Amino acid sequence: MRDVYEYAVIRVVPRVERGELINAGVVLYCQPRSYLCARVELDETRLQALDAHADVDGVRHALGAYQRSCTADAGPLTGEPLGGRFRWLTAPRSTIVQTGPVHAGLTTDPEAELERLMSCLVRSL
């Protein structure tokens, strides 16, 4: 049986005023399976091609916050249900690390779907 899932691409916009970005991860939520997970992979070379002075360590820390927010011991989001965490993570932001629009799909395996999305949306070919 396939279940509905929602996902958003996590992107890095090193100079917000220019609007140039790279995809650096995906956050996926599947309510019927109680699944929320974020995966990130930062391509530092691509980031520095957009902004040679980008704070790579700061970006890595901000990306890690997406992953930490999906775990049971997620600091300020600990008491929030998974759906609330997903909505908070995907809320519009005007910061260097932000998510794109939320999309939906159907899956039998959220973990495999997250890996597929990482392969086609984040990793360089």
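Colleague: Which residues is Tyr5 in contact with, leaving aside its neighbours within four places in sequence?

Modeller: In this predicted model, Tyr5 is in contact with Leu28, Tyr29, Cys30, His103, Ala104, Gly105, Leu106, Thr107, Glu113, Arg116 and Leu117. Tyr5 itself has its place in strand S1, residues 3-12.

Colleague: Why is Tyr5 called buried?

Modeller: The relative accessible area of Tyr5 is 5%. A residue counts as buried under 20%, and therefore Tyr5 is called buried.

Colleague: What makes the pairing of the Tyr5 and Glu113 side chains a polar contact?

Modeller: The two side chains come to 2.8 Å in a polar contact.

Colleague: Which residue has a side chain joined to that of Glu6 by a polar contact?

Modeller: That residue is Arg87, at 2.9 Å. Glu6 lies in strand S1, and among the residues that Glu6 touches are Phe86, Arg87 and Val102.

Colleague: How do you know that the buried residues of helix H3 are on the same side of H3?

Modeller: The buried residues of H3, residues 82-89, are Gly83, Arg85, Phe86 and Leu89. They cover an arc of only 160 degrees around the axis, which puts them on the same side of H3.

Colleague: What covers the buried residues of H3?

Modeller: The cover includes S1, strand S2 (22-30), strand S3 (35-40), helix H2 (56-69) and strand S4 (97-99).

Terms used:
Residues are numbered from 1 along each chain as its sequence is written. This is a predicted model: local features need pLDDT of at least 70, side-chain atom pairs count only at pLDDT 80 or more; totals for chains, interfaces and linings use all residues. Side-chain values use heavy atoms; hydrogens and water are left out. Helices (H or I, at least four residues) and strands (E, at least two) are DSSP runs, numbered from the N terminus. Buried means under 20% relative accessible area, exposed over 50%, partly exposed in between (1.4 Å probe, protein chains only). Contact means heavy atoms within 4.5 Å. A polar contact is a pair of N or O atoms within 3.5 Å; within protein, one must be able to donate a hydrogen and the other to accept it, and residues adjacent in sequence count only if both atoms are side-chain atoms. The arc is that of the directions from the helix axis to the C-beta atoms.
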